[in-house]
Amino acid sequence: MTEHVEKLILDGTKIAWHEDRVRAWERGERIAPITIDMALTRACNFGCHYCYAMLQENDRSFIDKQVISRFLNDCAEIGVKGVSFVSDGESTISPVFVQSCQQGSALGLSIACGTNAYVLTRSKSEEVLPHLTYLRVNISAGEPKRYAEIMGVKEEYFHRVIENIRHMTEIKRRDRLGVTIGLQMVLMPQYADQIIPLARLGKELRVDYLAIKHCSDNENGDLGVDYRGYSRLSDLLHEAESYSDSSYQCTVKWSKIQAQGTRSYQRCYGAPFLLQISGSGLVAPCGMLFNEKYKKFHIGNICEQSFKDIWQSDRYWEVINYLASPEFNAQKMCGSLCLQHRVNETLDNLVKEKLELQRPQGKEPEHLAFV
Amino acid sequence: MTTTEKIFDYDKLVEAYNTNLDVTLRGFRPAEEMLDTWVPDDDPVRSLSNLVEAAQLCGSDSISVRVANKIIEHQAAALLKEKLASLGEVGCRAEPGAVVFTIAHLQETASFRSVRPIYQQRLRARFANLRFKRELRVRENQIPLRATEEHCTLAWAVQTDAHVITDAVFDGTARGPMLAALDAFCEILVGLPVLEARDHAIIRLEFSLRDPRQRHPIAGIVLPQNADPLFRLPSSLANRLFNDYLTSTGYRPAANFFDPGPRAAWAALSPAQREARVTAALAAHGAVLGLKNGEVQVVDCNHAYAVTVRFGDQLPISAKRSLALALERLVREHCDPRLEVFCEEKKDLSKLRRQIEKVN
């Protein structure tokens with residue numbers, strides 16, 4: 001494995017590199033999240049079949065310039081390290097997207113973005129790429145027809161997105177930017193035919209990586225993900241990984257795929273380290289709990305109140321503590337394979353004294369602000 | 001309740017103290033020797049609780065104090081009683097123009113003060129009625145195991161085919177709080193699979209001992225490890241018993257998926273019966289949460305584990321958020337301990353995504 005590949009942790013957690021914050025958490029201090037995953041809007045210009053956002057509707061508010069500016073200032077002040085614009089909406093279609101990337105970066109925050117890349121034209125990429133730690137394009141097919149079917153758009157969208165990605169990689173090389181540009185395939189077993197075309201496409205586009213991950217589903221299985229179907233794809237997935245070279249990493253998130261939607265733990269300890277905010281401004285411990293159905297987990301809204309006040313509130317810690325208590329069982333009460341999954345696994349083992357936390361030796365991995 | 005021979009008159013104690021303060025240069029003492037560490041305070045609640053604490057520190061097991069009604073108003077009397085209850089067993093007797101407070105079992109209670117206040121009340125109640133300091137009951141196909149540490153022993157019997165703990169007991173010479181904690185721990189252990197006992201019995205113990213009226217002193221995440229040193233020993237004993245069980249039986253557990261689920265009696269009810277029970281619980285106890293008639297409505301109880309509710313529009317969003325969690329605790333207390341409260345699901349507002357949802 002090359003040095004480049006070792007630097008990117010795509011199927012794991014970097015929580016061990018944040019030993020000081022874990023120790024503070026263990027002492028019962030009110031720690032700031034290391035990473036906040038959020039969207040700038042709930043809206044999206046795509047209609048992907050696997051989209052979890054369908055299940056996340058909540059009372060909408062509008063994140064405007066003032067709201068996001070106050071939020072980013074709060075993040076920098078309380079010690080948040082990274083903000084990723086991913087979550088439950090397409091942040092690039094928000095009018096405050098460019099400003100948010102620029103301001104967050106100027107405040108010393110690591111900023112990242114997950115996008116379908118349709119509106120990230122050359123000119124917009126020129127404006128945002130210098131301010132990003134990573135940019136991940138959600139693309140679940142390597143061929144136009146299947147792209148249109150899976151992602152709920154016209155075939156022309158595929159060509160626009162590919163052109164936009166080419167511009168991104170050109171800008172990165174031209175300006176020698178540090179930003180990592182990657183692709184992500186959300187894999188449903190029925191998209192198996194697109195694994196190899198996409199692995200090839202990623203290599204041809206000269207992006208830094210392609211990550212192939214499972215599809216999350218809610219506790220009722222509303223998206224109909226057939227987790228047993230993944231086991232049949234093992235050979236194809238290994239073949240996709242063989243496309244990796246010294247500057248292109250094709251990684252399958254084996255740990256989540258092999259978990260088949262199950263969890264080894266019952267408490268959710270990861271939320272105070274990795275918090276999620278809906279494109280409506282709603283602050284909740286986890287994106288899977290955004291829907292109005294889960295109001296008991298809803299903490300506040302950054303459109304109504306400053307994030308610093310929300311974070312300092314007793315309500316915030318009431319919800320966080322609920323998730324860590326016997327009142328809660330993630331195996332029964334949550335959807336499958338959430339964002340906090342690997343952090344949860346590590347912290348659960350720590351609490352059960354099955355492992356001791358030690359800061360790993362050697363060179364730090366990239367994107368440390370995104371646990 | 002133990003009665004004391006002497007009743008101190010609070011007014012006179014304060015007066016004597018102040019007089020003494022005025023005339024004594026060195027070797028100052030309060031009027032009563034048993035109140036050596038007491039210093040009166042303008043706040044009568046603080047002053048009186050300090051007085052009882054002084055008696056406790058001097059080794060007295062009970063004290064009675066007469067307090068004139070003019071000193072302590074009605075509201076403060078309730079607060080005083082609550083404060084004094086953390087020091088001992090409180091009794092009150094009305095006299096013309098005064099109340100006599102008798103606080104007994106001061107020494108027994110003192111041993112509980114080494115534990116954070118949020119756990120004291122339940123530990124003291126438990127200590128008054130220890131049920132698991134006895135012989136272990138072992139039947140056929142059960143393995144008895146015993147672990148000892150810091151002069152305390154925890155023992156359990158495990159049904160080896162199901163790996164379930166059938167009995168648990170303790171013994172030891174520890175002080176009251178630890179004996180009470182081990183007693184509560186044994187009750188939690190009985191009926192649990194050994195893996196669940198190792199994984200979660202200690203967080204169940206910590207949670208079960210909290211006084212819900214008190215705010216937890218830990219500002220952030222509450223873990224047995226940071227909640228109180230009291231939890232270290234039961235956790236260590238359970239870990240040792242679990243490891244002994246693995247060694248004795250060769251049992252190699254996979255992941256722990258244990259969840260007690262709703263009680264059989266609750267699950268056996270029809271959705272309509274469950275709905276009626278929840279509605280009745282809300283009607284009877286909703287006022288505790290500040291809920292008025294019509295502010296919350298039970299929508300369905302179709303699943304045995306879930307209650308779906310709808311809040312009235314007049315409630316602000318922030319109130320709905322807090323109430324949803326509080327409601328869950330209420331129905332867990334009055335209906336079934338594994339119930340989850342949900343609000344109604346909101347459908348996706350995105351037309352594009354909704355079309356996809358139909359296809360799925």
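Analyst: Gladly, and please keep in mind that this is a predicted model. In chain B there is an open sheet of three strands, arranged in the order E8-E9-E10, and its pairing is mixed.

User: Which strands stand at the edges, and why is one side of each left without a neighbour?

Analyst: The edge strands are E8 (296-300) and E10 (340-343) of chain B; each has a single partner strand, so one side of each has no neighbour in the sheet. From one strand to the next, the twist averages 40°.

User: In what sense do E8(B) and E9 pair, and over how many bridges?

Analyst: E8(B) and strand E9 of chain B, which covers residues 306-311, are antiparallel to each other and are joined over four bridges. Within that pairing, B:Val298 has B:Val309 in E9(B) as its bridge partner.

User: OK, and which strands does helix H11 touch where it packs on the sheet?

Analyst: Helix H11 of chain B (residues 271-285) touches E8 and E9 of chain B, and its direction makes about 170° with that of E8(B). Helix H12 of chain B (residues 317-334) also packs on the sheet, where it touches E8, E9 and E10 of chain B, and its direction makes about 150° with that of E10(B).

User: Changing topic, what is the domain assignment of chain B?

Analyst: The assignment gives domain 1 as 7-110, domain 2 as 116-249 and domain 3 as 264-343. Between domain 1 and domain 2 of chain B, the C-alpha centres lie 37 Å apart.

User: One last thing, how many residues lie between E3(B) and E4(B) in their hairpin?

Analyst: Two residues lie between them, and B:Gly97 in the turn has a positive phi of about 75°. Strand E3 (residues 89-95) and strand E4 (residues 98-104) of chain B pair in the antiparallel sense over seven bridges, with B:Arg93 standing opposite B:Val100 in E4(B).

Key: Residues are numbered from 1 along each chain as its sequence is written. Chains are lettered from A and ligands numbered from 1 in the order in which they are written. This is a predicted model: local features need pLDDT of at least 70, side-chain atom pairs count only at pLDDT 80 or more; totals for chains, interfaces and linings use all residues. Side-chain values use heavy atoms; hydrogens and water are left out. Two strands pair if DSSP finds at least two bridges between them. Axes are lines fitted to C-alpha atoms, for helices over the stretch in contact, and angles run from 0 to 180 degrees between N-to-C directions. Contact means heavy atoms within 4.5 Å. Domain bounds come from an automatic or database domain assignment.
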